[in-house]
Each structure stands twice: as structure tokens, then as C-alpha cells.
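Thanks, everyone. I'll keep this brief. Have a look at the structure first, and then we'll go through it.

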Amino acid sequence: MKNKTLYLFLAFVCIGVSASAQHISDTIVLDSVAVCKTYEYFNNGAKREIIDSYQIQQNQNSTISTLLSANSSLILKSYGHSGSASTLSLRGAGASQTQITWEGFPINSITMGEMDLSLVPTQGFNYVAIDHSGSSTNYGSGTFGGVVELRYIPVKQNHSKLQLGYTQGNFGTRKYSGAYSVGTKKIQYRTSLIANKSDGNFTYFDYIDNATTTRNNAEYKGFSNTHTLFIQLHKHIQLQSGIWYTYKNMSIPPIIGSKPNFKETQKDSSFKAYLQLQTYINRTTIIYKTAFFNDFQEYAKTITKINKNLTSSNIHNTKQLHTVKVRRYISDKITADLEIQGNYYSADVSSYKDTKQEFSNAYIGAIQYKIAQFQSNISVRKEFNSHYQIPILYCAGIQYNTFKNRIIWRANTSKKYRTPTFNDLYWEQWGNPNLIPESGITWETGSQQNIIQTKKHVLTTDITYFEGYINNKIIWIPNGAVWNPMNVAQAKIQGIELRAKQIIKLQKHTINNNLGIDWNNSHITKTLESTEMANGHQLYYVPKYNIYFHPQISYKTWNISVNNQFHSQRYYAIHTSLPSYYTLDITIKHSVTIKKCITHFSIGIQNITNTHYELIRSYPIPGRYLEFNYNLIFN
Amino acid sequence: MNNFLLHTAALFISTLVLFSSCKEEPMPQPEPEPEPIPVIIDSLGYMKGIFVVCEGNFNGNDGSIYYINDTIQIANLYETANNNNQLGDIVQSMTIIDSTAYIAVNNSQKIEVVNAKTFKKIGTIKDLTFPRYVVKVSNDEIAVSNGDGYSNNYVYIINTNTFKKTDSIAVGAGPNKMLVNNNKIYVANMGGWSNDKTISVINTSTLQVIETIEVGDLPADMEFDNNGNLLVLCYGLTTYDQDWNATIVSNSKLVKVNTTTYAVTTIKNFDHQLANFSANGLAYNNGTIYYLDDAVYSISTTNATPTKLIDGYFYGIDINPTTKDIWVTSTSSTNSHKAIQYSPTGTKIKEYVTGFYPNAVVF
């Protein structure tokens, strides 16, 4: 009776369009008894979410920020429409404390500490995972909030697949994409290409001028190309390599209320390449990985009328990353990892006195104990850095399955750090070369409840509590006319995350429901002065409450999904805040299959209620936005 | 099922307790209560008190005017008086002319005009690119300094009835502070994003530049002394090559300009560049000059040996013409910016937490 009541309630809130099952698409929590893949670290006790490949495919023409924005634990900050710089942070820790990795390599900027997600198209990946614990032991610097992993997992079977895509949307938005994947069991190759542009000329309400106006100077165009090659050289030897190039040219629009006589532009280009060699000998996997990243950015501010350059800056970063990892399957229960990392970073920035470099070597040891109902791991890391003393870091986690895996308990703790960015250290006149890394501890505990697990009905809930301290937090402080970054504060990240996921398979319909409720109490705990007004204050741009509800219904070749999101107020200064806001998106999809050709059509309306809101103070986000997508797949 | 749920709750709560923090936490700051709309019944209205000009955070669109009188303080007077409408980005200055206040909002490229008694909005002066300061020219004209140093370096004459430009007078780079005396407008060309070392003198009848006076690099602030001479504080210039190697071209200096002959006399040559870079680092009262460096210093026009009066780094300094109290603005904290009242001898009287980056106090 109780199950029926629950079913009726959940069915009531979904859109009533008749459909039958086509595909179950969902964001799922990793099955706790699944084998830990060689590219994954031991992370027992940590909340880990893997974005379903179907969701990734549905967002092939978008960026990672669009894909992840449906997950409310991610705090997204964007300067406007697509193409605008956007960053995300997990658990309120900040964008520089949320690491983005590509094939296991950190791609956050060494000058800013953040990753601009507008430079990350979804097209190049088929595996996106969020590690909410993201220990520094495994990932290195800047993981207090967690880690987002991006990968392409080769499809190890005979196949040949061509995908073509076209998107047309408001504000002059056009996206053209293509991907080709071919392979056998021993060789797989995939390439993807996406070119996009937008005028960004959306209408918004200017609350300074008290008038509705149109965004100007917001054009952008971008291009991204990826290649991935996988070769099974031998029964026990695999080679994998990848190349990723991105280019973006954008105009930076003025803030609300401003009509300046100058124009700002920015060009970004990024080249990334990696090579991985993996071998398996006698219960031991050995992986050697190396990567090279080369990033450029040019910024210019020009007086429009006289075409005079007011100011400009150039940034050139390189990273060289090397890893050797040995995983030994000691027994059926015990697995051990040993890893050595060697990294080199350099930055040549026009606002630095000269080229800056940093070297580091890290040694990681980890051991996992796993039986049917219980698993635990301990990891230890010692890093030697050319500039800092990094203490020994550790990570420990446990996971316990009870009631025949109906309830999974987990707990995890880790010691973390974040090195200052190059801008913090070397920005001419204002940088502080005496900064020390931020450091601290995070821990989380949670439980997943598999309430219903039948062929026709799956209901899973999850609750997580997390907490942590960031000591020696770096904040820029005014000192007369000059600003300097200093290690002056301590911040606490704290919150509760609730999740509920449901799949119902009816005769002709499949219903998916995702519900998430977050409470985040991350705040400053200490600053230089005990009377400082910031003490106890919520961290800027961190909402106290996030709620999302994402129902979907599929019927035969049709799918309708709805995305409801609510974010509570966010402070951007001590007494001033951005108001709470609610957005509603709807997407209708239809697929047609003719022999080996599948055609997907979809129409999406974002922000149906035309809500006026900002993610960053003074930068409006578009109101109602309509987008049409057309994708062809040839198998 | 009931046992299942009971065990679920019990195990979760015990794990939560095990991992919860035991550290003492400071009590979170209570949410500030909303500002009550004050009832001003005096005929002077808000003009009875004083105003603190708060620039706000750059690109934060949170510039404000903070109001203080004997009985109340209002954190954001413009918003309070105008249905929560916001001023804009970087409030550079406020000038009261005949019961009308002109608020120059630099990065929103406009001047908001309000009734100084009620602070209700009267209108907006637009078609500006970099407005800085306002002075009275005649009963229905004001002058606005505008210019970033590279372009649009003008003093605009604005009709106060139509709020439209009636003239544009080309001056030096980055026209900033202005003073009016004896039918002349003195314009400090502070350089903007470029640099300059001159004062432009404009005849208010002809609206022509009649003199350009070279005083020193980056003339920032000016005052008239008791004899009608113009005191100018110049911050000095540092240049950088492409490798950011600094060259100090000149140190700060304080000069006096004879407004009849335009002769320039140096009062003090500093052996360094002053720590303050704002356009409000100079004040004058009855023979005593005050300036901001790593403290508030005072010197006289006849004795250039400075006396340290108030220790600390400040952003702006003004003297209450009635009480002679010294008012300074402080931006040393990341979250609490203040206007601080001192007696003429440098004894602290009271401090007020204002909006961000208070740069001046208007009486």
C-alpha cells in the first residue's frame, strides 16, 4: 500500500505524456561493489557520481557546464550566455578548490587556479565523474571542494560510427559538431569537432538604468577538436593517447549599467596531449602516463573611437605531467598502489616580471581492503615542491554494505592543500611571493539506501554530511593603495546533500525522477581581527539552499525532460546579496531510426519563466532561450 | 520494514556524531535588520547631516552614499530614498549646489541628480564616458570633469535644466578634481590611465582655457588657502618597462600656485611617493595643511616640517568647515570600511562602518 502511494505521488508530479521505454537515462551513484578501475583511485567512503553516458550524448553540442548544471551541488558562476567564462565549485569551496581533470591530469589554470568551463566541450568525452571527496593524496593541489573527471573510455568492439550535429538557438547561436569513431577490439580511434558562435545579444533588465536593454559586445566564436587512439599492442599491453585543441575568441560585455567607450576582447587557445602505456604482468598493472599542455590567452582593452589600445595582457602557460603507477592485486581482498608523479609548470605573463616555474615530485602509496560487504582504503602522499614544504597527506575511507546491500554506509577523511596561484605570487607590484599553501582536513559521511530494486522499479536515496576546514586561506587585502594576497583566514565548508533517484518502467513508458536538496553552511571562521565582520559570514556566491527536481518521461521514441532548479540568495559582499531564483527548462526529444541511421531531434526551452538573475554580480544571465538540436548518427 | 528504518536512523546518527566537529565555532553573525525608512522633518532635510561617498567594489555596482546625522545613520541613502533603485558602479564624488546634489558614478558613465534635502531623484546626466567631479559654473550650468587620460579629456558644461551638454572644453589628460574661485575653474589633470602634470584654468565667462600651469606629476587634490592661493598635492610618477622594472620619475610634492600671477612655489618636496593614491588626500583649515601618507600629517604653509597627527593608512581626508573635525576614510579591512571622526588635534571621536571604499565626506 505504501509503495503504491509513493508511486502515485511521484507519477503525479511528472508530465503526463504517453511514452514507452527507450532508454534509462540517469545520473547514478557508482555501484559500491564494482571493481575499481585502474584509472580510478581508491576512494572508499567518498561520494562519487558518474554522469550517465546517455546524458552526455544528449548534451553533445554543449559545454560541460551545461551538462553539470543540472546537478545542484555544483555552484556555477558565469558571466552570461554560452561562450562567457564560467567556473564551477563543489560544496562551496570555490572554483580554485575544485579540480577538473582530463584523463587523470589536472587542467586548472596555474595562473588563476580555476578552469574556464566554456573551453570544455562535452563532445570529446563519454565519461564524466564527480568525486566529491577528491583527496589531495590522489589528485594533488586544490581539491577541497572535490574533483570533476573527464575521460574518453574506448569502445572496445568492432564499430564504425559517424555523428553529425547542428544546433540553432536564440541570440545568433549556432553550433556545428561532428564525431567519428571506428575500431576493432584491438584498435579504436575517435575524433570530434565542434564549432560554435553566438552574438550573445539577449535582452535583460538593467537595474541601474531601470530599463530593458539588449546585451552588446558579447559575441564569441569557438572551436574544439579532439582525437583519441587506443591500441591493444599485446594481450597485456595497451597504448592510449589523446589530443585536444580548443580556441575561443570572445568580446567581453560591459557590466550592467555601464556604456563604456572601450571594448574588451579575449582570445584563448589550448593544446593538450597525453600518452599512456599500460601493461599487466602477474597480477600487477603498470601504467606510465605523460601529458603536455600549452595554453595561451590574449586580452585587450581598446578605446573604440580612436582604436587605441588602453591595456593588454598575454598569458602563456605550459604544464608537463608524468606519472608511473603500479597496482598490485596482492590477493582477492587486498590491492596496493604505488605511484610517482613528476610535474613541471611554467607561466609567461605580461604582468609578471619574468617567466615563472614550479617543479614537484610526489610519492603516493595506497592500499585497499575489500570483501563483499566491506571495503576500506588508506592512502599516503609525500610531495616535494620547489617552492613549498608540503606536509605528508593522507586519505582514509570505509564503506560498509548492510541488509543485503540495501544500505551502504560510507565515511571518508583526507588532509588537503592548495598551493597559491601564480597570480597570487607573482602579479607585479601586488603579488606576494611569501604565501604558503592553504591546508586543511575534510571529512564526510553518508549513506545510500536502495529502497526498491526490482526490474520495473528502482528507488535510491542518498544522504551525505560533509565538513572541512581550510586554513591559511588566501585573501587579497588592501594596504593603502595596493592590494596584496595574504594567508589571513580560515574557512569552514559544511553541508548536507540529499538525493533521490527513481526509475519506473511501465508497459510503454519509462519515468525517471531525480531530486536533490542541498544545505550549505560554508563560512569564514577566522580572520586577522576577531571583530572582523566577515567572521561567521557565508562564503561569497555560496547559496545556503539548492534544490533541483528533474523528471523525465520516455515513450517509444519520445522523451520529455524537465529541469527545475532553485538557488537561495548568495552574498557577494558583506551586506549585499544576489536574490534567490528559480529556473525551469524543458526539452522534448524525438528519435527516428531508419536502418543504420538514427536521427535525433530536440527542442529545448531554457528559463521558461524568463527569470532575471545573475550568477556573478553585474553580469546578467539570459532570460528565455530556445534551442533546436538536430543530430545524425550513422552506425 | 520498520526495523529496517530504525536501524538506518540509528546507524546514521551514530556515524554523524563520530565524525562531527568538536571545535568551538564563533556564533554566526545575525542577519542585519532592514533599514527603517527614516522620517526627516527638519526643513533642511538630509542636508542637516553629512554624506560619505562610497565608491563600491569595482564591477560590483554597489556604490553608495552613507548618511550620518546626530540621530540616525543610513547605509544607502540613494536606495532608501528612491524605491531601492541602485546608484551604479564606482561613485566617484558628490557635489551639493544650491540644494541639488550631483553624484558622479564613474563606471556607469553618468551623473545622478537628486534633491539634496529629500535625496529623491531629479534626473540623470548621460552621454558621458568617464565623469569624475562637478562644480558650479552659473545658476543654470555646472562643469563636469571627464576623461580617462587617453580619450574624451574634457570639461563638459551641462545645463542644469535640460541635463544636456552645452560645451566641451579640451583640457589635459585625466581631468579630475576642480575648484572654482573668482570666475575661474581650476582643473587638476591627474592623468587618468595616462599621466599629466598640469592644472588647466578655465574662464567661466568665456569657457576657454586661459592658462595651463605645470605643477608636478599627477596633480591629485587641491585646496585654496586663506589668501586665495591654490595648494596642489602631486603624487609623483613611476614608470615601468616591459619587464616591470620600475623607474621613479618623480616623488610627491606639495606646491602653491598664485592665482593672480600663476607662479608656482614648492611648499614641500617629499623624498618618496606618498602611500595614498586617491583624489582626496589633501585638506586645509586656517593655515594648516593636512595630507595622507602612512598617516595623517599636518604642515603649515610657512613651515614644511610635517607633524604626524593620526597613525594609519587612509583613503580620503576632509575637514568639517563648522566643527573643524578631521574626517578620514579607511579601507584597510576587506569587509569593514569606515569613516572616522577625529578632533582637530587628532583625538578619535567616533567611527562609522560605511559602504565599500568611502573616499570623501561631504558636509
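Predicted model: local features only at pLDDT ≥ 70, side-chain atom pairs only at ≥ 80, totals over all residues.

I'll take a sheet in chain B, then cysteines, then aromatic rings.

Chain B has an open sheet of 4 strands. The order is β16-β17-β20-β21, and the pairing is antiparallel. Which strands stand at the edges? They are β16, residues 219-224, and β21, residues 264-269, both of chain B. Each has a single partner strand, so one side of each has no neighbour in the sheet. From one strand to the next, the twist averages 25°.

β16(B) pairs with β17 of chain B, residues 230-234, over 5 bridges, in the antiparallel sense. One contact to look at there: B:Pro219 has B:Cys234 of β17(B) as its bridge partner.

Is B:Cys234 buried or exposed? Buried, with a relative accessible area of 1%. B:Cys54 is buried too, at 0%. And how many disulfides are there over all chains? The count is 0. A disulfide here would need two cysteine sulfur atoms within 2.5 Å.

Next, aromatics. Over all chains, the count is 35 aromatic pairs. I'll show two.

In chain A, take A:Tyr369 and A:Phe374. Their ring centres are 6.4 Å apart. The planes stand at 55°, so this pair is tilted. How accessible are the two residues? A:Tyr369 is partly exposed, at 31% relative accessible area. A:Phe374 is also partly exposed, at 26%.

In chain B, take B:Phe51 and B:Tyr67. This pair is tilted as well, with 5.4 Å from centre to centre and 50° between the planes.

Last stop, back in chain A. Six residues form one aromatic cluster: A:Trp102, A:Phe105, A:Phe125, A:Trp244, A:Tyr274 and A:Phe293. What sits over the ring of A:Trp244? The charged end of A:Lys272, 4.9 Å from the ring centre. The charged end of A:Lys272 also sits over the ring of A:Phe293, 5.6 Å from its centre.

That's it from me. Questions welcome.

Key: Residues numbered from 1 in each chain as written. Chains lettered and ligands numbered in written order. Heavy atoms only, no water. Pairing = 2+ DSSP bridges. Helix = DSSP H or I, 4+ residues; strand = E, 2+ residues; numbered from the N terminus. Axes fitted to C-alpha atoms, helices over the stretch in contact; angles between N-to-C directions. Buried < 20%, exposed > 50% of the residue type's maximum accessible area, 1.4 Å probe, protein only. Phe/Tyr/Trp six-rings, centres within 6.5 Å; stacked < 30°, edge-to-face > 60°. Lys NZ or Arg CZ within 6 Å of the ring centre and 35° of its normal.
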